[in-house]
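Please examine the structure below together with its sequence. The paragraphs that follow proceed from the overall fold to single residues.

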Amino acid sequence: MNSISLRTQLRLVAAGYALVLAAAALLVFMRYMLYVNHPQDAAAAGGMYAAGDWMLEIIIGCMLLVPTFVLVLVIRKSENLYTGYSKVLLGLSLTAPISLGVVSIEAVGQSTMLLGWICMDRLFCSPVVIVGLLVSRVLAQFDRAKRLTLYALLIEVSTLVLMVGLFLFAARGHRG
């Protein structure tokens, strides 16, 4: 039986990522054109448009999980590749507490700065990242990769819990 080489499999995964990113760019462009062609609707129903933006973000995040799952299946047998992947996941999870810290700065969190939007988007996609981290942790076969993905998962979950706690604390403080 003639199996596909690791290099070819990785190229197919890269093509999958490219396809997902192209589809995401098209979806974002279509959403932008909706705003441009119907500005009165966006102004009148701002909350509905914001919810649509958030749903689009979740859809794109879920679309990115598909080639990531295939990548994990491809590199699962290689300790070096999976450990490198786990290090990338750890770096990705560190962006969550950094984003929470940046958004907590009033000048950023309560303005329309691009940095604030990027940080909020990162925090809102945290549940999707947690799903990816869970799958990566379950499929990890090597001790170092297991440990790194566990650390990444703990950072992501801790940040999500802290974010919800800060939100509830702030909401309670505004109540009176």
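Which pattern does the protein follow when it is read along the sequence? The protein follows the pattern α-α-α-α-α-α-α-α, with eight helices and zero strands. Helices (H or I, at least four residues) and strands (E, at least two) are DSSP runs, numbered from the N terminus. This is a predicted model, in which local features need pLDDT of at least 70 and side-chain atom pairs count only at pLDDT 80 or more, while totals for chains, interfaces and linings use all residues. Residues are numbered from 1 along each chain as its sequence is written, and side-chain values use heavy atoms, with hydrogens and water left out.

Consider next the protein as a whole. Along its principal axes, the C-alpha trace spans about 65 × 40 × 20 Å. Of the 176 residues, 30% are buried; buried means under 20% relative accessible area, exposed over 50%, and partly exposed in between (1.4 Å probe, protein chains only). A contact means heavy atoms within 4.5 Å. Among the contacts with a separation of 6 or more, 68% are between residues 24 or more positions apart.

The interior may now be described. In soluble globular proteins, nonpolar side chains tend to be buried together. A nonpolar core is a set of buried Ala, Val, Leu, Ile, Met, Phe, Trp, Tyr and Cys residues joined through side-chain atoms within 4.5 Å. The largest such core in this model has 20 residues, and those with the most contacts inside it are Ile75, Tyr82, Tyr85 and Leu133. At least two residues of this core come from each of helix H3 (46–75), helix H4 (79–103), helix H7 (126–139) and helix H8 (143–175). A second, separate core consists of seven residues, including Leu100, Val102, Val103 and Val108. Returning to Tyr85, and not counting residues up to four places away in sequence, one finds that Tyr85 touches Thr68, Leu71, Val72, Ile75 and Ser136.

Thr83 lies in helix H4. Is Thr83 buried or exposed? Thr83 counts as buried because its relative accessibility is 7%. Leaving aside neighbours within four places in sequence, Thr83 is in contact with Arg144, Ala145 and Leu148. Gly91 also has its place in helix H4, but Gly91 counts as partly exposed, because its relative accessibility is 34%. Gly91 and Arg7 are 84 residues apart in sequence, and their C-alpha atoms are 24 Å apart in space.
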